[in-house]
Structures are given as structure tokens and as C-alpha cells.
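Student: I would like to go through this model and ask what stands behind each term.
Tutor: Go ahead; here it is.

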Amino acid sequence: QVQLVESGGGLVQPGGSLRLSCTASGVIFSINAMGWYRQVPGKQRELVATITSGGRTNYADSVKGRFTISRDGAKKLVYLQMSSLKPEDTAVYYCKMSMSNYYNTGYEYWGQGTQVTVSS
């Protein structure tokens, strides 16, 4: 059973910074892409940033230049460094990992989410 656990959320003032972390545990053969998504009540979950096993990154336009995604594949970790935070960044942030097993069957796993609140 694979589990993802996020940490690092909290309350921060506008203009501040936070770093989210997500670690995977369990029987894992191969991790492909990792990503961060966010959701506010009443809206669909949206992509924030993704990173491939080769290190290629992709960001939502709303966070480009402010957020940085990185990964440590050996430690099964993905990070999201968030800077210049705005009130509209307030959301529950979820990490997702796309994995393959020995037979190259793909699976996706989600974390439980961590709340980020940007407010003065």
C-alpha cells in the first residue's frame, strides 16, 4: 500500500513564503511524474506544478515565477517552494505521484492535502 503524506502548510501573510513537502512510503518500484494541485471549496482541483523523472517542470500560469517544484527521487520526496504568496493562493494543496510497478502498470496516488492560507 502506497501512501503520500504532505506537510508544510499553514497561515502566512501576503508576500510571504512556504515550502510544502510530500513523501511517499510503501512498496514502490518506480516513480514517474510528481505534482502539486490545489482546490478551493466549490471549485475543481487545479494543477499547480508538475515535474517528470527527468526533471522537466510545468507550472500553472498563475504561479510561474513565484513557485518552484523540485524532487528527490531517491528519497521519494517532492517539494513546492512558494514565494510572493497572494490571498488567491489560499487552498488545500495536494501532491500526486504517478508510479509504475514491475510489470510497467501505471498507478496514481494522492496525498490527503495540506491547507495553505494567505491572509493578513
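**Pocket, strands and sheet**

Tutor: By class, the lining of the largest pocket has 2 nonpolar, 4 polar and 7 charged residues. This is a predicted model, in which local features need pLDDT of at least 70, side-chain atom pairs count only at pLDDT 80 or more, and totals for chains, interfaces and linings use all residues. Residues are numbered from 1 along each chain as its sequence is written, and side-chain values use heavy atoms, with hydrogens and water left out.

Student: What makes a lining residue charged, polar or nonpolar?
Tutor: Asp, Glu, Lys and Arg count as charged, Ala, Val, Leu, Ile, Met, Phe, Trp, Tyr, Cys and Pro as nonpolar, and the others, Gly among them, as polar. Among the residues nearest the pocket centre are Arg38, Lys43, Glu46 and Glu88, along with Val40. Arg, Lys and Glu are therefore charged here, and Val is nonpolar.

Student: Why is this called a pocket, and what is a cavity?
Tutor: On a 1 Å grid over the protein atoms alone, a cavity is a set of points where a 1.4 Å probe fits but cannot get out, whereas a pocket is an open set with protein on both sides within 12 Å along at least five of seven lines. Lining residues have an atom within 4 Å of a point, and 13 residues line the largest pocket.

Student: Why is strand 9 described as largely enclosed?
Tutor: Buried means under 20% relative accessible area, exposed over 50%, and partly exposed in between (1.4 Å probe, protein chains only). In strand 9 (residues 91-100), 9 of the 10 residues are buried, so the rest of the structure largely encloses this strand.

Student: How do you know that strand 4 and strand 9 pair?
Tutor: Strands are DSSP runs (E, at least two residues), numbered from the N terminus, and two strands pair if DSSP finds at least two bridges between them. Strand 4 (residues 30-39) and strand 9 run antiparallel and are joined by 8 bridges, so they pair by that rule. Arg38 stands opposite Tyr93 of strand 9.

Student: Which strand does strand 9 join through 3 bridges?
Tutor: That is strand 11 (residues 114-118), again antiparallel, with Val92 opposite Gln115. Strand 9 also pairs with strand 10 (residues 106-110) over 5 bridges, and Lys96 has Trp110 as its bridge partner there.

Student: What makes strand 1 and strand 7 edge strands?
Tutor: The open sheet of 4 strands has the order 1-3-8-7, with antiparallel pairing. Strand 1 (3-7) and strand 7 (67-72) each pair on one side only. For strand 7, the pairing with strand 8 (residues 77-82) covers 6 bridges, and Ser70 has Tyr79 as its bridge partner.
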